[in-house]
Amino acid sequence: MECPICYEDISAKDLRELSGCKHCFHAECVGNWLWRVPNCPLCRAPVAPVAPVAPVAPGPSMAFVLARLMSIMQNYADAVDPAEKEYKRATIYRMIEKHHLMYDNRVITALNRYNLPIPELALYE
Ligand SMILES: [Zn+2]
Ligand SMILES: [Zn+2]
């Protein structure tokens with residue numbers, strides 16, 4: 001079985017099945033997600049809040065990542081050279097993927113502001 005968040009295999013010992021919708025994830029992947037958003041990442045069914053298993057990104061460093069992402073988006077908007085613009089655009093999506101920010105409302109709002117397409121889960125297919 002594949003984890004829909006990181007697309008890697010889930011072994012029985014780190015499997016977490018959500019009680020409502022029965023979607024399955026790595027306990028750590030979905031734990032980090034549910035720590036911020038109390039809904040299933042796939043179908044948005046409400047999930048009772050749980051303590052994160054191993055938060056890879058506590059508050060301050062997530063704030064740092066967001067600030068950095070916003071500044072790269074501003075650079076993207078300001079860039080006139082097409083090659084530079086493309087490089088910034090790729091950097092933005094790499095950061096969103098790396099930090100699992102594709103559902104973050106602040107990121108979505110900023111993408112809209114700079115006319116960048118919203119990354120879907122299809123980003124990883
Ligand atoms: Zn995973
Ligand atoms: Zn679900």
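Mentor: Let's start with a term: a residue is buried if 20 or more other C-beta atoms lie within 10 Å of its own, and exposed if 12 or fewer do. Keep in mind that this is a predicted model.

Trainee: Thanks! Why is C29 called buried, then?

Mentor: C29 has 22 C-beta neighbours inside 10 Å. The cut-off is 20 or more, so C29 counts as buried. This residue lies in helix 1, residues 27–36.

Trainee: What makes C3, I5 and C6 contacts of C29?

Mentor: A contact needs C-beta atoms within 7 Å. Leaving aside neighbours within four places in sequence, C29 is in contact with C3, I5 and C6. Take I5 as one of them: C29 and I5 are 24 residues apart in sequence, with their C-alpha atoms 6.6 Å apart in space.

Trainee: How do you know that the buried residues of helix 1 line one face?

Mentor: The buried residues in helix 1 are C29, V30 and L34. Viewed down the helix axis, they fall within an arc of 120°, so they line one face. Their packing partners are strand 1 (15–17) and strand 2.

Trainee: Now the other end of the scale: why is Y7 called exposed?

Mentor: Y7 has 11 C-beta neighbours inside 10 Å, and exposed means 12 or fewer, so Y7 counts as exposed. Y7 sits in the segment before strand 1.

Trainee: How do you know what span to expect for helix 3?

Mentor: The expected span is 1.5 Å times one less than the number of residues. Helix 3 (residues 82–98) has 17 residues, for an expected 24 Å, and its first and last C-alpha atoms are 24 Å apart, close to that expectation. Just after helix 3, H100 takes a positive phi of about 55°.

Trainee: Which residues make up the largest nonpolar core?

Mentor: There are eight: L69, M73, Y76, I92, I96, L101, V107 and L111. Helix 2, helix 3 and helix 4 (105–113) are the elements that give two or more residues to this core, and helix 2 gives the most, with three. As one example of the packing, V107 touches L69, I96 and L101, not counting residues up to four places away in sequence.

Trainee: What pattern does the whole chain follow?

Mentor: Along the sequence, the pattern is β-β-α-α-α-α, which comes to four helices and two strands. Of the 125 residues, 13% count as buried.

Trainee: Where is pLDDT under 50?

Mentor: That happens over residues 121–125, for which the model has four contacts beyond four places in sequence. Where pLDDT is low, the predicted coordinates should not be read in detail. For the chain as a whole, the average pLDDT is 84, and 86% of the residues score at least 70.

Terms used: Residues are numbered from 1 along each chain as its sequence is written. Chains are lettered from A and ligands numbered from 1 in the order in which they are written. This is a predicted model: local features need pLDDT of at least 70, side-chain atom pairs count only at pLDDT 80 or more; totals for chains, interfaces and linings use all residues. pLDDT is the predictor's confidence in each residue, from 0 to 100. Two residues are in contact if their C-beta atoms, placed from the backbone, lie within 7 Å. A nonpolar core is a set of buried Ala, Val, Leu, Ile, Met, Phe, Trp, Tyr and Cys residues joined through C-beta atoms within 7 Å. The arc is that of the directions from the helix axis to the C-beta atoms.
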